[in-house]
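Subject: Handing over the two-chain model

Hello,

Please take over the structure below. My notes on it follow.

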Protein chains: 2
Amino acid sequence: MDLLHTTRALQRRADVERGAGHRLALVPTMGALHAGHLSLVEEARRRADRVWLSIFVNPTQFNDSKDLAKYPRTLEEDLGKCRQAGVDLVFAPTAAEMYPEGAQTCVDVGELAHPLCGATRPGHFSGVTTVVAKLFLAAKPHVAVFGEKDFQQLAVIRRMTRDLLFDVEVVGAPTVRESDGLALSSRNVNLDPEARRQATVLVRSLETAERAIVAGERSAAALLHGVEREIGKAPLAQIDYAQLRHPESLEPAPAVLEGPVLLALAVVFHSPEGADGASVRLIDNRILDPKPLSGGISP
Amino acid sequence: MDLLHTTRALQRRADVERGAGHRLALVPTMGALHAGHLSLVEEARRRADRVWLSIFVNPTQFNDSKDLAKYPRTLEEDLGKCRQAGVDLVFAPTAAEMYPEGAQTCVDVGELAHPLCGATRPGHFSGVTTVVAKLFLAAKPHVAVFGEKDFQQLAVIRRMTRDLLFDVEVVGAPTVRESDGLALSSRNVNLDPEARRQATVLVRSLETAERAIVAGERSAAALLHGVEREIGKAPLAQIDYAQLRHPESLEPAPAVLEGPVLLALAVVFHSPEGADGASVRLIDNRILDPKPLSGGISP
């Protein structure tokens with residue numbers, strides 16, 4: 001496995017690989033790799049014959065400097081996991097490499113970046129689209145794989161890729177979960193043990209909504225009320241947002257659901273009183289598909 | 001010579017050419033080609049073995065819809081000139097091809113886009129950097145050539161290319177002029193005959209400043225006063241801006257000039273009273289280099 005640190009070296013390698021007819025897949029990550037990332041590597045392997053993974057904790061997508069400071073950094077372990085997973089090349093640039101001195105250029109996707117995480121993390125998606133554009137330009141992949149756990153991020157990157165005419169196929173891969181259902185996230189390690197136990201409230205509230213849909217509930221307000229009640233059972237949990245949105249445009253869902261809809265959650269977990277440690281914000285989501293109700297009379 | 005209209009076809013061609021080891025040069029234009037554009041083609045030919053030229057009147061860089069409407073469109077003539085000049089491929093996309101439905105993604109370079117033309121044409125450089133990013137992504141050139149007549153545009157594109165890690169060498173080529181010194185511009189054809197005669201006031205005022213510098217003038221205010229007086233001699237001319245700026249950062253020049261400085265002019269020419277036709281805005285520029293004064297006593 002190769003390890004490169006400079007854009008110039010990566011671009012020369014990409015030219016050679018593309019010139020030799022190889023299909024390149026890129027898996028952009030911020031490191032602290034877990035089984036979720038490794039599932040992206042597997043997906044990349046199915047779609048390309050060279051799998052490259054980038055590790056870069058991108059400062060411009062952190063609206064909160066404390067969050068940036070405590071984001072886990074585990075490069076040596078990450079490289080070991082990549083080697084084991086059959087990654088062909090890791091790109092681990094410095095911040096100065098990704099943001100040359102005086103860099104001010106931004107890539108923004110407009111409205112898709114405004115709701116949900118865009119509303120509670122100002123500037124976050126501008127940082128994401130800017131760094132992903134740079135990673136695409138540095139690695140020149142044919143295909144790039146992102147996790148569906150960060151649903152809005154995936155939507156925003158698809159939009160950027162399409163709008164700017166990037167010759168890159170963007171692929172989403174399903175969320176990987178712990179045995180108790182918690183979605184894998186590099187931030188999970190920052191959870192206090194009691195907060196970690198309560199964090200399953202995210203997946204439980206998604207399942208609550210799913211059951212309600214299957215049982216015939218079509219009211220957006222009633223569904224969200226059920227979700228909020230479920231999250232309210234976890235004393236350390238504080239809702240950042242719980243919303244129903246159109247899965248592509250991310251516009252608000254109608255009051256009465258008719259087609260597939262995104263249920264998106266962001267929940268902050270505080271440390272128990274007296275315990276050490278700061279709060280941790282987790283996200284999760286599910287596409288709910290309200291099939292036509294059976295038993296009704298259809299004209 | 002080939003003529004392509006879709007991004008997809010262009011990207012496939014770029015992959016083939018790059019895979020075969022050819023070096024690609026792109027000359028992005030808005031058509032209405034003149035000898036200035038053809039000098040860019042010559043420069044491109046010196047630097048690559050495939051010369052591609054794009055023709056696209058980019059709506060997002062026109063802040064004035066009247067200016068967009070009257071911008072000359074001469075595709076058949078342009079193709080003839082390209083053929084004669086040995087261009088290998090022309091890319092002439094539709095607006096829908098460059099801006100897919102619902103496209104909202106923008107590329108912005110920050111401060112470099114704010115002064116000069118950025119101040120009097122709001123949104124102009126955002127349109128430029130967005131469309132040039134798309135053209136680079138569509139054509140995948142090794143090198144791209146732009147005219148120095150649009151000095152700020154060149155600076156803005158260099159900055160975008162560097163900041164976003166585009167693997168493209170950006171080259172500036174000297175301004176080509178009519179025999180009377182007027183810088184070639186596709187907008188010159190929109191000048192009323194009398195305004196055309198008076199339009200040489202741009203180059204004359206640049207020469208006035210050059211002579212003053214050679215004669216030892218180092219006061220920015222005095223230089224600009226001379227420029228304004230010269231432009232004032234043309235009754236149809238109205239100054240949009242006349243400024244001295246740092247040639248790279250585009251920051252305001254110091255009151256007493258020490259190193260090379262950009263003199264940038266934008267002048268609007270009105271039609272003579274009673275004549276048909278709207279006003280035409282022209283730009284021109286020169287780098288003034290105040291060499292150390294001779295005759296002084298250097299310690």
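Start with how the two copies sit. Chain A can be laid on chain B by a turn of 180° and a shift of 0.0 Å along the axis, with an RMSD of 0.0 Å. That is the relation of a two-fold axis. Please keep in mind that this is a predicted model.

**The interface**

Chain A gives 26 residues to the contact, and chain B gives 26 residues. On the side of chain A that touches chain B, the elements giving two or more residues are α1 (7-19), β5 (106-108), α7 (124-139) and α8 (151-163) of chain A. By class, that side of chain A has 12 nonpolar, 8 charged and 6 polar residues.

Do the copies meet through the same surface, or through different ones? The same: 100% of the interface residues of chain A are also interface residues in chain B.

Look at the β5 strands too. β5(A) is joined to strand β5 of chain B (residues 106-108) by 3 bridges, and the two run antiparallel. Val107(A) stands opposite Val107(B) there.

**Chain A as a whole**

Chain A has 11 helices and 10 strands. The C-alpha trace of chain A spans about 60 × 60 × 40 Å along its principal axes.

Of the 299 residues of chain A, 44% count as buried. Take the contacts in chain A between residues at least 6 apart in sequence: 72% of them join residues at least 24 apart.

**Strand β3 of chain A**

How many of the 6 residues of strand β3 (residues 50-55) of chain A are buried? The count is 6 of the 6, so the strand is largely enclosed by the rest of the structure. Arg50(A), Trp52(A) and Ser54(A) point one way from β3(A). Val51(A), Leu53(A) and Ile55(A) point the other way. All of these residues are buried.

β3(A) has pairings with β2(A) and with β4(A). With β2(A), the pairing is parallel and runs over 6 bridges. Thr29(A) has Ile55(A) in β3(A) as its bridge partner. The chain goes from β2(A) through α2(A) to β3(A), and this β-α-β crossover is right-handed. With strand β4 (residues 89-91) of chain A, there are 3 bridges, and the strands again run parallel. Here Ser54(A) has Phe91(A) in β4(A) as its bridge partner.

One residue in the loop between β2 (24-29) and α2 (35-47) of chain A deserves a look: Ala32(A). Phi of Ala32(A) is near 50°, a positive value in a residue other than glycine. Ala32(A) is buried, with 20 other C-beta atoms within 10 Å.

**Strand β6 of chain B**

Now switch to chain B. In strand β6 (residues 143-147) of chain B, 4 of the 5 residues are buried, so the strand is largely enclosed by the rest of the structure. Strand β2 (residues 24-29) of chain B is joined to β6(B) by 2 bridges, and the two run parallel. In that pairing, Leu26(B) stands opposite Ala144(B).

β6(B) also pairs in the parallel sense with strand β7 (residues 169-173) of chain B, over 5 bridges. Val145(B) stands opposite Val171(B) in β7(B). Together, β6(B), helix α8 (residues 151-163) of chain B and β7(B) make a right-handed β-α-β unit.

Helix α8 of chain B holds Gln152(B). Is Gln152(B) buried or exposed? It is buried, with 23 other C-beta atoms within 10 Å. Leaving aside its neighbours within four places in sequence, Gln152(B) is in contact with Leu116(B), Cys117(B) and Leu250(B). The C-alpha atoms of Gln152(B) and Leu89(B) are separated by 27 Å; these residues are 63 apart along the chain.

Of those contacts, take Leu116(B). Leu116(B) is found in the loop between β5 and α6 (117-120) of chain B. Its phi is positive, about 50°, although Leu116(B) is not a glycine. Leu116(B) is also buried, with 24 other C-beta atoms within 10 Å.

That is the handover.

Best wishes

Conventions. Residues numbered from 1 in each chain as written. Chains lettered and ligands numbered in written order. Predicted model: local features only at pLDDT ≥ 70, side-chain atom pairs only at ≥ 80, totals over all residues. Contact = placed C-beta atoms within 7 Å. Nonpolar A, V, L, I, M, F, W, Y, C, P; charged D, E, K, R; others polar. Pairing = 2+ DSSP bridges. Least-squares fit on C-alpha atoms with pLDDT ≥ 70 in both. Buried ≥ 20, exposed ≤ 12 C-beta atoms within 10 Å, placed from the backbone. Right-handed = clockwise from strand over helix to strand, strands pointing away.
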